[in-house]
Amino acid sequence: MIIPKEVKFIINELRVNSFEAYIIGGCVRDILRGVEPNDWDITTNANPKKISEIFSSPLQSPNKEFGAVKSFTDNKFGTVAVLTGSKNPALKEIEITPYRVESKYSDKRHPGEIKWAKTIEQDLSRRDFTVNAMAIKLPDAKSAESYHLRTDIVDIFNGQKDLENKIIRAVGSPEERFDEDALRLMRATRLATTLGKAWKIEAKTLSAIKKSACSLKLISKERIKDELMKIIMSEQAKDGIELLRTLNLLKEIIPELEEGYGVGQNKHHKYDVYEHNLRCLEYAAKKNFSKYVRISALLHDIAKPRVKQGDGPDSTFYNHEVVGAKMTTKILNNLKFSNKDIEKITKLVRFHLFYYNVGEVSDSSVRRLVYKVGLENMEELLQLRMCDRIGSGCPKAEPYKLRHLKYLIEKVSQDPISVATLNVDGKEIIKLLKIKPGPKIGQILDILLGYVLSEPEKNKKEILKKEVEKLGILSDENLEKLAQKARKEREKIEIKKDEMTKKKYWVT
């Protein structure tokens with residue numbers, strides 16, 4: 001693994017000032033997994049004041065490719081962020097934190113007191129999980145670009161062994177780690193989900209999470225949402241949500257979702273409400289759909305347990321999309337999603353049950369659906385319908401009628417071929433030819449549109465005015481013949497355009 005020059009430069013600056021410096025935490029875990037880190041963290045025995053002094057004024061690295069280095073942000077945890085000027089997002093800002101130990105967490109969120117530690121081993125002891133509690137000591141910055149990392153790793157909690165076995169294990173006592181920061185309950189689940197399918201949470205850590213689940217109430221919704229979204233946006237999103245449920249965490253985040261567990265559906269569905277929602281999310285993740293589709297796939301049937309009538313194959317869920325939209329708004333507000341996200345996701349949930357059958361639904365009905373949902377949201381609404389079908393046990397995500405609907409949506413959304421696109425209008429023709437309003441105006445406009453459709457470059461006011469003057473001297477009979485010809489040509493173009501749109505979606 002080649003360590004970036006920005007990281008090596010910062011470590012070297014600390015060393016030449018007689019301080020220790022290590023690469024630390026999640027980036028070490030990723031390096032050992034052969035994955036490029038999303039960010040880089042450095043720890044040192046220098047205190048925040050010394051770190052800031054070293055990087056307080058612009059410094060020039062030996063290799064000037066990434067420009068000046070300047071420090072900022074000295075917070076209560078002593079972290080100093082160094083701006084490197086790198087074009088790589090993972091290296092633009094590198095955090096340096098002093099070795100530290102923390103006193104008891106009184107609120108399961110913040111340590112009562114921060115103290116600077118003397119050794120790297122003390123700092124590693126405060127970290128959450130063994131795979132995150134490793135550090136790399138770089139050789140001299142003047143040595144070769146690459147080297148064998150494992151000979152330079154500080155690993156006092158067997159993080160490398162857990163990494164090899166794909167295990168999430170708390171550092172020291174799991175109860176103490178979760179008592180310090182209850183967000184670690186979510187973080188354990190997120191890591192077990194995002195690191196790969198084979199990853200598991202160690203038994204004692206798993207048990208401690210279940211016992212401490214209610215502590216999640218003390219964590220800010222913003223922090224919970226951030227961890228939840230990392231799970232939802234991962235490849236194993238379905239497994240992640242199910243893990244939250246088995247760990248008693250889901251009821252602390254979206255209890256409404258768990259209401260669907262074991263609630264049977266009708267003859268149109270293969271799975272219960274909860275399993276259906278998870279399978280919809282699974283398909284959205286498989287197809288790499290947007291966060292809007294993934295969240296709406298998870299929540300689109302959230303109201304079914306509350307509106308269910310009857311039981312067995314003929315049970316009904318009247319208005320579940322309307323009630324579900326209201327529940328979705330409440331859930332997302334509680335999790336502190338932005339108003340923009342809430343509006344879009346709620347709209348997808350509200351209209352996911354749209355009805356469409358080829359030959360039964362008119363263009364005007366489709367046009368009304370596009371108006372209500374918004375053309376910009378239609379593709380994601382159709383993707384949600386695909387998720388809904390797969391989640392119901394249907395073999396095909398996109399049957400003929402869904403492709404036909406796509407065709408109709410594009411058809412009704414296309415700008416019509418209209419004289420309104422011309423750079424002259426009826427009023428200008430009346431003024432130019434000094435005539436009264438009448439059929440002649442429409443005939444001239446039709447003829448002009450024919451010119452422009454054949455040669456779009458003619459759609460300029462001066463060119464069209466000259467054409468108007470030429471047409472103005474023609475007899476009514478000749479003018480009508482030219483207009484009829486232009487209308488027929490326009491009709492051919494419209495038919496051709498429609499045929500191309502049909503071909504695009506493989507419909508007839």
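Colleague: Are Tyr283 and Phe289 buried or exposed?

Modeller: Both are buried, and buried means under 20% relative accessible area, exposed over 50%, partly exposed in between (1.4 Å probe, protein chains only). Bear in mind that this is a predicted model, where local features need pLDDT of at least 70, side-chain atom pairs count only at pLDDT 80 or more, and totals for chains, interfaces and linings use all residues. Residues are numbered from 1 along each chain as its sequence is written, and side-chain values use heavy atoms, leaving out hydrogens and water.

Colleague: How many aromatic pairs does the structure hold?

Modeller: A pair of aromatic rings is described by the distance of the centres and the angle of the planes. Rings of Phe, Tyr and Trp (its six-membered ring) pair if their centres lie within 6.5 Å; planes under 30 degrees apart count as stacked, over 60 as edge-to-face and the rest as tilted. There are 3 such pairs here. In one of them, Tyr261 and Tyr274 have ring centres 5.5 Å apart and planes at 65°, so they sit edge-to-face. Tyr283 and Phe289 also make an edge-to-face pair, with 6.3 Å centre to centre and 70° between the planes.

Colleague: What are the relative accessibilities of Tyr261 and Tyr274?

Modeller: Tyr261 has 47%, so it counts as partly exposed. Tyr274 has 2%, so that one is buried.

Colleague: Which ring does Arg279 lie over?

Modeller: A charge sits over a ring if NZ of Lys or CZ of Arg is within 6 Å of the ring centre and within 35 degrees of the ring normal. Arg279 lies over the face of Tyr271, 4.1 Å from the ring centre.
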